[in-house]
Each structure stands twice: as structure tokens, then as C-alpha cells.
Number of protein chains: 2
Amino acid sequence: MDATARISRRSGGKRTDIRRENERVILQAAEKVFAEAGFGGATMQLIADMAGLPKANLHYYFATKEDLYRRVVRNIFEIWLDAASSFDAATGPVEGIGAYVDAKMEISRRHPDGSKVWASEVMHGAPVIQDYLETTLRDWTAGRAAVIQTWIDQGKMAPVDPRHLLYMLWATTQHYADFGHQIETLNDGRPLTERQWRAAKDSVKQIILRGIGAA
Amino acid sequence: MDATARISRRSGGKRTDIRRENERVILQAAEKVFAEAGFGGATMQLIADMAGLPKANLHYYFATKEDLYRRVVRNIFEIWLDAASSFDAATGPVEGIGAYVDAKMEISRRHPDGSKVWASEVMHGAPVIQDYLETTLRDWTAGRAAVIQTWIDQGKMAPVDPRHLLYMLWATTQHYADFGHQIETLNDGRPLTERQWRAAKDSVKQIILRGIGAA
DNA sequence: TCGTTTCCTGACCGTATGGTCAGAGACAAG
DNA sequence: CTTGTCTCTGACCATACGGTCAGGAAACGA
């Protein structure tokens, strides 16, 4: 790499900034629109309006609607994978699962749109991220299931099927994002308060940890 | 109602049969297509092809795509309300919640498409069934929460927030329908067997019932 | 300043979609 | 057979959509 290339690629470069900033704005708008309307219901025009850019400009950064969608889905997937680290550092179920629930509940709270896009994608048969399910997610799941199994073997929790436990963790935490509208309606039309979010986390942790005989 | 009208409206009448049968076929096809593609991605042509009818015929029975969609959503909602009866006849959490989980898991297994359509609808802000959420579902939820509270007061289970418990029941059971594709992928690409479904039900019941101190 | 690359966008295009409609066909009642 | 009602459908229409493109504007390096 020569000096010229190094300079033109430096992260603070104006060119780079423009591209990065616009991609960020577009991805953010796209996440929202895909979450609200689904892939089929979303339109490039709607995303463009929400991003404050002409539609043709979107196609300059993302060749097709599907490319844009793919990026949105991968983004949320990576956020979730990060939350997995909660699991690793732990020495037992109370610590590990507790931290994992906290992390995933926080994601449901902070990134409800991304969660909905992911849910939608999987519900429709995962047309664009099937390979991720079969590789990354499969490996991740096998790894955590093994960890849970060792906890069981060590007598740190009751013998439960690790996979069904994982499904329950995913379902319960993501429910607060995917079905947030329903929860809000049942909460007299008001979003959960800080206090209520804490109660939700505590309830989930309490029931599950006690349910697996770890608390 | 005079004799003529009575005859022409009798349930076995040929005219009535044609209408009912065609509506049934259309609704069945629509449920599948809406589940697979979402409201925006579904097309009347696709539904027509799946139902084996010309597109114009669909518009004879259902004026608009939205009318058809509305009917599909209400159908699954009523199926779920029926499952609620499991709750009522019970005298305690083990019996009541156990039966409710069984009923909802069975629905996830038998009507995964309906479940997906419902999930999609709620995720997108419940544009067509918001009134149902605010009336029927709100009442139902309040009623069951009260039942759970009495069980707590009677010492039949630990003090947990009834609402978060209900959310967990909904989330966990519906997960097996809505994320069925993901579960199948993690099950080496094979659908859950009869045995595995039983294991799933048992795991869910075991963790939750124990988690609320009822088992 | 000049040349080059990147960025931007109004106007445009082919296609697919939801929906309409006139009229044909099926059936029952008198 | 006649009349009236319900069922059916090919052909059609206006619109909206994803995507393209030519060419202008802006940002650089030299």
C-alpha cells in the first residue's frame, strides 16, 4: 500500500465520511421502514423520504432493495451475537443466564426495529440469511447448549433440555420487542417505564432461573 | 322470514354450499400466502393460484385484499380465544397453566401460518385489529391476570407479576410456530417429531411451573 | 488551474399489482 | 320456458414500484 492510498483511505477523510454517514442514515431509515411494513410492504421511496435523500441516491449506495435489506438483517444479527459474550464469561447459570437475559432485554428495548426485521425474516423462511442460520447460529447454539449441559452435569441446575431453554430465552426476551405494540396496548397505551422494564427483566430472570433450579 | 327465504338459506342449499366452500378455500390459501410473504408481499394472484381460482373470483367474494386479510387475522384470533377456556376450568396453576400451554403449543403445531399472520400484524402496529387488542384482548388479559392473582393470594404459587407471566406463556408457545423455521434449521433441517414436540411441551411446562413455585 | 474520482439526482422505463366491469353461465322458482 | 338471482371470468385500466441512466456538482490530488 503506497502513501497516496493510505491517505485517501484514512478514516477521517471527507469522502469516506460522506459515504459512511449516508450509509448510516439510509440503514437507519431502512431498519425502521422494514420493521413497520415488512420487506414486501416497504418501498425505496419511503425509505428515501425517511432518510431525507432522493430515491436515486439510495441506489447509488445500495444496488437493490434486497442488498439494503440484507445489510439491515446482518446488522441486528451481529448485535445479538455480541450479547452472547454474556454467556461465556460466566461460571454458572445464575450469572450467565441472568446476564444474557439482561443483555437481550436491553437489545429489545434499544433496537426493537431490528428485532422485528429479524423476526419477519425468519418467519418468512429466512430467504436471505439461511446460510447464517446453518453456520454461525448453529455453531453458537451448539456451543451454548454444551455449556448448559456442563452446568447440569456439575449439579448447578436441574436437568432440562438446553435447546428448549435457549428457545425460551430467545422467545421471551424478543417478545418485548416484536410484540411491543401489544404490550403497550395492554399497558393502557403507554410504553413501559424504566421501572416496568426493570420489573420485566426481574420477572423473566426470576421465573426462568427458579424454573431451572438455579435460584 | 317466509318459507321461500328459509329454504333458499338452508345450510345444505347448493348456493350456500358453493359460497361457503369457496370462501373456505380462499381463506386457507390466503392464510398461507400472507404467512409466507406478509401483507405487503402477498399478491391476490398468488392467493388465487393457490386456491385454484381466477383472481377476479377472489374479488367477487372479498372486495379488497385488506378485507381478505382482516378475515384471516380474525380467524386465528378466535382460535386463540378458544384455547383460553383451558384456563377457566382449572382450580390451580398446575392444572390451568399446564392445560393452557398444551393448548397453545398444539395451536402452534396445527396452525403455524395463522400464528405468523397474527405476529406480523401485531409487529406492524396492528393496523387492522387494534380495536380487538383494546377490547377483547384487554378484557381477557385482565381476567386471567386476576385469576393468577387469586392463585398467588391462596398460596398456590409464588408472587410473580401475572402480566409478565402471561407474556412469557404467549412468547414461548408462539415461538414454536413463528420461529419454526429457525427451530427446524437447528434441528438439522428436520421438523420436530412427535416425540420432540412432547419434549418441548414438557420442557416449557416444567420450567414455567417450577419457576412460579407451583411444581 | 486542471484532471480524476466520487457523489448526486431528475427524468425516465418496463413491469406487476389491486381492482373493475361487462357479459356469460348456472341454477332455482313460478 | 321465462324470469331473476347468484356465480364466474377474460380483458382491461390506472397506479405504483424497483431500477436505470445521462449528465451535472462537488471533492480531491497534483
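Biologist: Where does W197(A) lie?

Modeller: W197(A) sits in helix α12 of chain A. Helices here are DSSP runs of H or I, at least four residues, and strands are runs of E, at least two, numbered from the N terminus. This is a predicted model: local features need pLDDT of at least 70, side-chain atom pairs count only at pLDDT 80 or more, and totals for chains, interfaces and linings use all residues. Residues are numbered from 1 along each chain as its sequence is written, and chains are lettered from A and ligands numbered from 1 in the order in which they are written.

Biologist: Which residues does W197(A) touch, leaving out those up to four places away in sequence?

Modeller: Contact means C-beta atoms, placed from the backbone, within 7 Å. By that test W197(A) touches R109(A) and L192(A).

Biologist: How do I read the contact between the chains?

Modeller: Count residues on each side. Here 45 residues of chain A are in contact with 46 residues of chain B. On the side of chain A that touches chain B, α12(A) gives the most, with nine residues.

Biologist: Why do the copies meet through the same surface?

Modeller: Because 100% of the interface residues of chain A are also interface residues in chain B.

Technical notes
Two residues are in contact if their C-beta atoms, placed from the backbone, lie within 7 Å.
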